[in-house]
Amino acid sequence: MASTKTNEFQDMLPMMANKLGGDGLIRELCNGFALLMDRDKGVITFESLKKNSALLGLQNLRDEELMSMLREGDLNGDGALDQMEFCVLMFRLSPELMEESEDLLEMALQHEFKANSTR
């Protein structure tokens, strides 16, 4: 069942990119991050992912699957996903999008770096 949800997501991300353009896709990814993050910590933790996963239709994922998602996206090894790690993970989960447009990933990273430098 979990792989079905992942496949549905993979099919939707390129469609979103085509429909919304780069900036729109980045905004939607940021909105998705905001839905899943722990409000106090500002990152996605296992607890916040588990609590909010139903918002993205992922309520049927087991704890091990949620932990696996966190580990896969956790680039700095802190046990949580910051906004940049979340966006990178979402792009990595959509190989079709990565093949079609590495430019969108570059824009997402630049957007994150600009946001961090103005804080």
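L35, L55 and L56 make a nonpolar surface patch of about 260 Å². Patches here are built from residues with over 30% relative accessible area and no salt bridge, where like charges are joined within 9 Å and nonpolar side chains (Val, Leu, Ile, Met, Phe, Trp, Tyr) within 5 Å. Areas come from the Shrake-Rupley method with a 1.4 Å probe, and for residues only the protein chains shown count as cover.

Before I go on, the provenance. This is a predicted model, in which local features need pLDDT of at least 70 and side-chain atom pairs count only at pLDDT 80 or more, while totals for chains, interfaces and linings use all residues. Residues are numbered from 1 along each chain as its sequence is written, and side-chain values use heavy atoms, with hydrogens and water left out.

Now the overall picture. The chain has 6 helices and 0 strands, in the order α-α-α-α-α-α along the sequence. Helices (H or I, at least four residues) and strands (E, at least two) are DSSP runs, numbered from the N terminus. Of the 119 residues, 40% are buried. I use buried for under 20% relative accessible area, exposed for over 50%, and partly exposed for what lies in between, with a 1.4 Å probe and protein chains only. The chain exposes about 7,200 Å², and carbon and sulfur atoms supply 52% of that area. Among contacts with a separation of 6 or more, 47% are between residues 24 or more positions apart; a contact is heavy atoms within 4.5 Å.

L35 has a relative accessible area of 37%, so it counts as partly exposed. S48 is 13 residues away from L35 in sequence, and the C-alpha atoms of the two are 9.1 Å apart.

S48 itself sits in helix α2, residues 46-52. Is S48 buried or exposed? Its relative accessibility is 5%, so S48 is buried. Leaving out neighbours within four places in sequence, S48 is in contact with L36, M37, D38 and V43.

Further back in α1 is L29. L29 is buried because its relative accessible area is 6%. Its C-alpha is 9.8 Å from that of M84, which is 55 residues away along the chain.

What does a search for aromatic pairs find? Over the whole structure, there is 1. The partners are F33 and F86, in a tilted arrangement with 5.9 Å centre to centre and 55° between the planes. The criterion is ring centres within 6.5 Å for Phe, Tyr and Trp (its six-membered ring), with planes under 30 degrees apart called stacked, over 60 edge-to-face, and the rest tilted. F33 is in helix α1 and F86 in helix α4, 53 residues apart, so this pair links distant parts of the chain. F33 has a relative accessible area of 5% and is therefore buried; F86 is also buried, because its relative accessibility is 5%.

Next, helix α3, residues 63-73. Its buried residues include L66, L70 and G73. They cover an arc of only 75° around the axis, so they are on the same side of α3. The arc is that of the directions from the helix axis to the C-beta atoms.

Last, the charged side chains. There are 3 salt bridges, each defined as a side-chain nitrogen of Lys or Arg within 4 Å of a carboxyl oxygen of Asp or Glu. One of them joins K50 and D63, at 2.9 Å from N to O. K50 is in helix α2 and D63 in helix α3, so the pair ties together parts 13 residues apart in sequence. K50 is partly exposed at 42% relative accessibility, and D63 is partly exposed at 32%.

R62, E64 and E65 are linked in a network of salt bridges. The R62 to E64 bridge is 3.0 Å, N to O, and the R62 to E65 bridge is 3.9 Å, N to O. R62 is partly exposed at 49% relative accessibility, as is E65 at 21%.

That is what I have; I will take questions now.
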